[in-house]
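Let's take a friendly walk through this structure, one region at a time. Keep the 3D view open as you read.

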Amino acid sequence: MTINVLFAARPDRWDDYEAPLSAALADAGLDAHLATDLPPGEVDYIVYSPSGPVSDFRPFTRAKAVLNLWAGVETIIGNPTLTQPLCRMVDEGLTLGMAEWVAGHALRHHLGTDLDVRRAPGDWSPHIPPLAPERPVTVLGLGALGQAAARMLANIGFPVTGWSRTQKDIAGIRCLSGADGLDRALSNAQILVLLLPDTPATANILDARTLALLPRGAVILNPGRGTLIDDDALLLALDTGQVGHATLDVFRQEPLPGEHPYWHHPRVTVTPHIAAETRPRTASLTIAENIRRSEAGEPLLHLVDRKHGY
Ligand code: NDP
Ligand code: OXD
């Protein structure tokens, strides 16, 4: 029997996804009908994006799973109409994109690139940064994206500490967990990367207390979520020099309002939630594999844990 797959992302994404997703479904051996408009009661799987048209899942009485195109699930996890299993996106394109973004921004601060590219005529003085092995970096969150970023940073040569809810064992990374582990992870983080999800347990994880644990002048990279940071505490820490620079990709309100102090703060770089994008070709493989598994009675990949919220 034909499997009906509803593409419920932003309509302008259809052109990017139609061909790769159709091909991935066919390659997975599935007889699937993929469309942007289907009678809800006939839909077997929903390919979902928070910016798409579906917010009430009740009419989708036959749907076996909701397959999110996003890694983050904070906008859907609390939806009371969602009774179907929810899978988040783990996509090798998204993962590599994030690792590259983190490595690029870490290197910008590590090398002091801004100092060199802003030189004026006559300013020929050398500025010698330490080498990567002398620059400890910490990554909060060791999931799909945090691990990839941590590995890329370690490959460059940085001594990398990672912190997660459950204890990990990753070659070449010092892995910590728990409340005491967080304090230790922060205490020597000259560059701190936030790759935690937005959950009640991670809200304001960087606040006045935890910011004070960082070495003076530490750099923060936040491609995770805006809610991870107490913005007032960060602004104060930037003003006092406790934090040397913050490169922020995600915010409590997006787009970041024009009047927000982050826009004009000399120690803040704002990027418009572009750290990593779900890539249609590779994301289609994840979606097709999950539909194949579901149809074969195998466990779904990347199932969201509703208790923990990610
Ligand atoms: P995962 O779910 O794979 O990993 C989340 C990590 O956070 C896990 O290591 C988890 O620990 C850890 N974690 C969760 N809660 C806690 C807690 N309370 N204390 C300590 N550790 C915790 O997510 P991804 O790596 O795929 O993505 C991370 C986030 O990146 C997304 O949720 C999203 O917010 C953001 N993102 C941003 C993008 C951008 O363009 N800016 C693009 C894509 C994602 P454990 O391993 O023990 O479960
Ligand atoms: C995501 C994101 O969660 O792009 O996938 O932020």
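## A buried threonine

Threonine 210 counts as buried, because its relative accessibility is 2% and the cut-off for buried is under 20%. Bear in mind as you look at this residue that the model is a predicted one. You will find threonine 210 in helix α6, which covers residues 208-213.

Which residues of α7 are buried? They are Asp231, Ala233, Leu234, Leu235, Ala237 and Leu238.

At the start of α7, aspartate 230 brings a side-chain oxygen to within 3.1 Å of the backbone nitrogen of aspartate 232. After α7 comes glycine 241, with a positive phi near 90°.

Now zoom out to the whole chain. The protein chain is divided into domain 1, made of 3-91 + 278-295, and domain 2, made of 94-270. Their C-alpha centres lie 32 Å apart. At the interface, ten residues of domain 1 are in contact with five residues of domain 2.

Interface size is often expressed as the accessible area that is lost when the parts come together. Here domain 1 and domain 2 bury about 630 Å² between them, and 49% of that is on carbon and sulfur atoms. How many salt bridges cross the interface of domain 1 and domain 2? The rule finds one. Three residue pairs in polar contact are also found across the interface, with both residues at pLDDT 80 or more.

## Salt bridges

In the whole structure, a search finds 17 salt bridges. One of them joins the side chains of glutamate 74 and arginine 225, with N and O atoms 2.7 Å apart. Glutamate 74 is in the loop between β4 (65-68) and β5 (86-87), while arginine 225 is in the loop between β10 (218-222) and α7 (231-240), so this pair ties together parts that are 151 residues apart in sequence.

Is arginine 118 buried or exposed? Arginine 118 is exposed, with a relative accessible area of 62%. Elsewhere, salt bridges with shared partners join Glu289, Arg292, Arg293 and Glu298 into one network.

## Aromatic pairs

To finish, turn to the rings. The count of aromatic pairs comes to four. Why is the pair of phenylalanine 7 and tyrosine 17 called tilted? Their ring centres are 5.4 Å apart and their planes are at 40°, and tilted pairs are those that fall between the limits of under 30 degrees for stacked and over 60 for edge-to-face. Phenylalanine 7 belongs to strand β1 (residues 3-8) and tyrosine 17 to helix α1 (residues 14-27), so the pair ties together parts that are ten residues apart in sequence. Both phenylalanine 7 and tyrosine 17 are buried.

Tyrosine 48 and phenylalanine 57 make another tilted pair, because their planes are at 50°, with ring centres 5.7 Å apart. Tyrosine 48 and phenylalanine 57 are buried too. Finally, ring pairs link Phe7 and Tyr17 with Trp14 into a cluster.

Conventions
Residues numbered from 1 in each chain as written. Chains lettered and ligands numbered in written order. Predicted model: local features only at pLDDT ≥ 70, side-chain atom pairs only at ≥ 80, totals over all residues. Heavy atoms only, no water. Phe/Tyr/Trp six-rings, centres within 6.5 Å; stacked < 30°, edge-to-face > 60°. Helix = DSSP H or I, 4+ residues; strand = E, 2+ residues; numbered from the N terminus. Buried < 20%, exposed > 50% of the residue type's maximum accessible area, 1.4 Å probe, protein only. Domains from an automatic or database assignment. Contact = heavy atoms within 4.5 Å. Buried area = accessible area lost by both parts, 1.4 Å probe. Salt bridge = Lys/Arg side-chain N within 4 Å of Asp/Glu carboxyl O. Polar contact = N/O pair within 3.5 Å; in protein donor to acceptor, adjacent residues only side chain to side chain.
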